[in-house]
Amino acid sequence: MTTGLLNTSEPLPLEAARQALALLPGVSPDWHRHPIEQVVSPDIFFGLDCRLAVPPGSGSQPRVIGTARARAVLTAGHILQGSARVEVLLDANRRRLPWAHYAARTGVVEAINRADPADLVTGFLQGAVNSTVLDLGKTGAYVMSLLDRVPQIDRQPRLKTETGRLLWAVHVQDGAEPDSLVELRDDGMLRVRIGTPAELLPQFVEFCEILALHHWLLSALRNAFERSNRRGRRPEGELDPALSYLGHMWNPEAHLPHEMRGLWQRLENEAQLTWEWKSTVTRVRDKVSLLTRKAIEEALHKEVV
């Protein structure tokens, strides 16, 4: 899952966003106006014939064939996400079948070789290491790139940001209570591992999209504040657009499924994300206030002189 700023100077109005995310002809995107505008594209599908990563020493990498599903999510008109996923079906067939068999099961890949589900989860969360291994991050980034063709995209964003990555993997377990493990490693990428029943998988996908969005928000605002302290930078040039673009965006429960609220609360208790966001916003606004007061004092001094 990839998150970044839409490559334009102003947020897309809701109607323009709905048109932009109609990625399948004749299929309208889902959308919400309140409490935060959000538009979700219909799923689009990509054919796959590749290997899955496994931990070192776990044997050969299983070959999978089928399709991945991906969608774009646009929040508040200017925060864009590319969300891609695939369901891996084990022990289905020992040989490759005609493509029509796989195309009929959208969003599913079948493993030809034997594989341990725990190894597949661990291997995927390590991240793709070569071009022969499944890399859903590239699929999500491609879906995001489809919005570059929208006429309202002027390619002149006023805020410098980096894209964020989140990897998630689920071991489907019937009757299990949802329980997740969230890791942030030195590479800056979030990794989420969970066991959950199949019926809660769509809600968990939304949980990960919301987590990715808010982790990106926090990182983007923190990075803007750090850049404002560097020598040779105009602090206002970093802080003003950061507050304008991001300052009003924090609301993780706006679209959080009811079934995932317990997971989010446990994450809040451990990581204190909302506290860190409020603290960072306060620091940014305090610095803007100090810069404003300094500018006023300098202007008054010039008038007196």
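Let's start where two helices touch: Trp216, Leu217, Ala220, Leu221, Ala224, Phe225, Arg227 and Ser228 in H5 meet Pro235, Glu238, Leu239, Ala242 and Leu246 in H6. "Meet" here means contact, that is, heavy atoms within 4.5 Å. The residues of this contact between H5 and H6 divide into ten nonpolar, one polar and two charged. For that sorting, Ala, Val, Leu, Ile, Met, Phe, Trp, Tyr, Cys and Pro count as nonpolar, Asp, Glu, Lys and Arg as charged, and the others, Gly among them, as polar.

Before going on, a word about the model. It is a predicted one, in which local features need pLDDT of at least 70 and side-chain atom pairs count only at pLDDT 80 or more, while totals for chains, interfaces and linings use all residues. Residues are numbered from 1 along each chain as its sequence is written, and side-chain values use heavy atoms, with hydrogens and water left out.

Now the overall picture. The protein chain has eight helices and eleven strands; helices (H or I, at least four residues) and strands (E, at least two) are DSSP runs, numbered from the N terminus. Its C-alpha trace spans about 85 × 40 × 35 Å along the principal axes. Of the 305 residues in the protein chain, 48% are buried, where buried means under 20% relative accessible area, exposed over 50%, and partly exposed in between (1.4 Å probe, protein chains only). If you take the contacts in the protein chain with a separation of 6 or more, 70% of them come from residues 24 or more positions apart.

Back to our helix pair. How do H5 and H6 pack? Their angle is about 160 degrees, and their axes are 8 Å apart. Axes are lines fitted to C-alpha atoms, for helices over the stretch in contact, and angles run from 0 to 180 degrees between N-to-C directions. H5 and H6 are therefore roughly antiparallel to each other; angles under 35 degrees count as roughly parallel, over 145 as roughly antiparallel, 65 to 115 as roughly perpendicular and the rest as oblique. The crossing of H5 and H6 is left-handed. A crossing is left-handed if the near helix is turned anticlockwise from the far one by less than a right angle, and right-handed if clockwise.

H5 (residues 201-228) has another partner, H7 (residues 261-271), and the two axes come within 11 Å and cross at roughly 30 degrees. That pair is therefore roughly parallel, and the crossing of H5 and H7 is right-handed. On the H5 side we find Phe207, Ile210, Leu211 and His214, and these meet Leu263, Trp264 and Leu267 in H7. By type, the residues of this contact of H5 with H7 are six nonpolar, one polar and no charged.

That brings us to the cores. A nonpolar core is a set of buried Ala, Val, Leu, Ile, Met, Phe, Trp, Tyr and Cys residues joined through side-chain atoms within 4.5 Å. The largest one here has 45 residues, and those with the most contacts inside it are Leu166, Trp168, Phe204, Phe207, Leu211, Leu217 and Leu246. Which elements each supply at least two residues of this core? They are strand S9 (164-172), strand S11 (190-196), H5, helix H6 (235-246), H7 and helix H8 (273-304). H5 gives the largest share of this core, 16 residues. Apart from it lies another core, of 38 residues, among them Cys50, Val86, Leu125 and Leu146. As a general point, in soluble globular proteins, nonpolar side chains tend to be buried together.

Let me zoom in on a few residues. Not counting residues up to four places away in sequence, leucine 246 touches Ile79, Leu159, Trp216, Leu217, Ala220, Leu221, Pro241 and Trp277. Histidine 215 lies in helix H5. Is histidine 215 buried or exposed? Buried, with a relative accessible area of 18%.

Finally, some backbone details. The peptide bond from histidine 34 to proline 35 is cis, with omega near -5 degrees, and proline 35 lies in the loop between strand S2 (30-32) and strand S3 (38-40). Alanine 254, in the loop between H6 and H7, touches Pro35 and Ile36, again leaving out residues up to four places away in sequence. Glutamine 272, in the loop between H7 and H8, has a phi near 55 degrees, a positive value in a residue other than glycine.
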